[in-house]
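Please examine the sequence and structure below.

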Amino acid sequence: MVLVPGLLPPSYATWQTVNYWWQFFPIVTGIQWLTRFYPQGKTSINSRFNLPGKWAWAIMEAPGFITLLYNMYTLPPLLGITDGLPWENWTMATLYTIHYLYRAIIAPLLLNPSMSPIHPLVFLSATAFNLTNSLCLSGWLAGYGPTTKQDWAGHLYMIEVGLVVWGWALLGNIFHDDDLREIRRSALRIQHEKAARENKPVEGVDKLYMLPKNGLFNYVLFPHYLCEWIEWAGFWMCGGWSCTPARSFLFNEISTMLPRALQGYDWYVEKFGKERVGKRKAIIPGLL
């Protein structure tokens, strides 16, 4: 079923236009270098417009994989692709879906003890990012990129390497995310025990932050960002140099997350002091 003619699923002209301009998104992210205003997570603010952290996060992240899967199933028949897409296309679609199932559903709704509120500005920006990104990727994977075995010929080795890079980076992402979650889980367990002893209500851990120390946290403050970059670098390797949507995705993530990591480093120094932060860098061990 065509939801929005020419857009969902996208026509070739629409996909080509969006995919071309999506490459220049890092120019837009330049505004982050000019302001410290980012009302989400550590730097969330009190506002009557704030949205509940867990549900806002899930709703703004889920459209990515939903849009991708919708286009993967609806676009090929419209383009006359009756024999089905190659397994390579579906493998890349599966990688994207696994990541966002974890990021949009499992992490916020099942694993995170709490999440800071999210401002509507962040919510709308993230939703637009995910919709645009998935439109570009799904267009390439569902019919406007390689569609036959011959198109993928000679690329098996790069796919295998890309899968290994992607898989280990995803595990690294999850590991460091969970290290952050354990800070709040541990504090919440202590609060429950204290509340039971003293018959008092649990205070909550919505804005509790500490310096994590496991894994790459010994070297950088945002290893989960770094792991995600490596993850999408592996994804790009699977698609090959000609997969411009995967390339744009990686560069757009770096341009979006790098200023947040550097500002987050300053936040940690202000909160805990330079001595406690020590020799840790923001995101790249020993460099940045």
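The lining of the second largest pocket comprises 16 nonpolar, nine polar and five charged residues; Ala, Val, Leu, Ile, Met, Phe, Trp, Tyr, Cys and Pro count as nonpolar, Asp, Glu, Lys and Arg as charged, and the others, Gly among them, as polar. The model is predicted, so that local features need pLDDT of at least 70 and side-chain atom pairs pLDDT 80 or more, while totals for chains, interfaces and linings use all residues. Residues are numbered from 1 along each chain as its sequence is written, and side-chain values use heavy atoms, leaving out hydrogens and water.

**Second largest pocket**
- This pocket holds about 710 Å³ of space; a pocket is an open set of points on a 1 Å grid over the protein atoms alone, where a 1.4 Å probe fits, with protein on both sides within 12 Å along at least five of seven lines, and lining residues have an atom within 4 Å of a point.
- Of its 30 lining residues, Q32, Y38, S125, T256 and R260 are the closest to its centre.
- Helix α5 supplies the largest share of this lining, eight residues; helices are DSSP runs (H or I, at least four residues) numbered from the N terminus.

**Largest pocket**
- The volume of the largest pocket is about 1000 Å³, the space filled by probe spheres set on the points.
- Helix α8 gives the most to its lining, with seven residues.

**Residue S248**
- S248 is found in helix α8, residues 244-272.

Terms used
Helix = DSSP H or I, 4+ residues; strand = E, 2+ residues; numbered from the N terminus.
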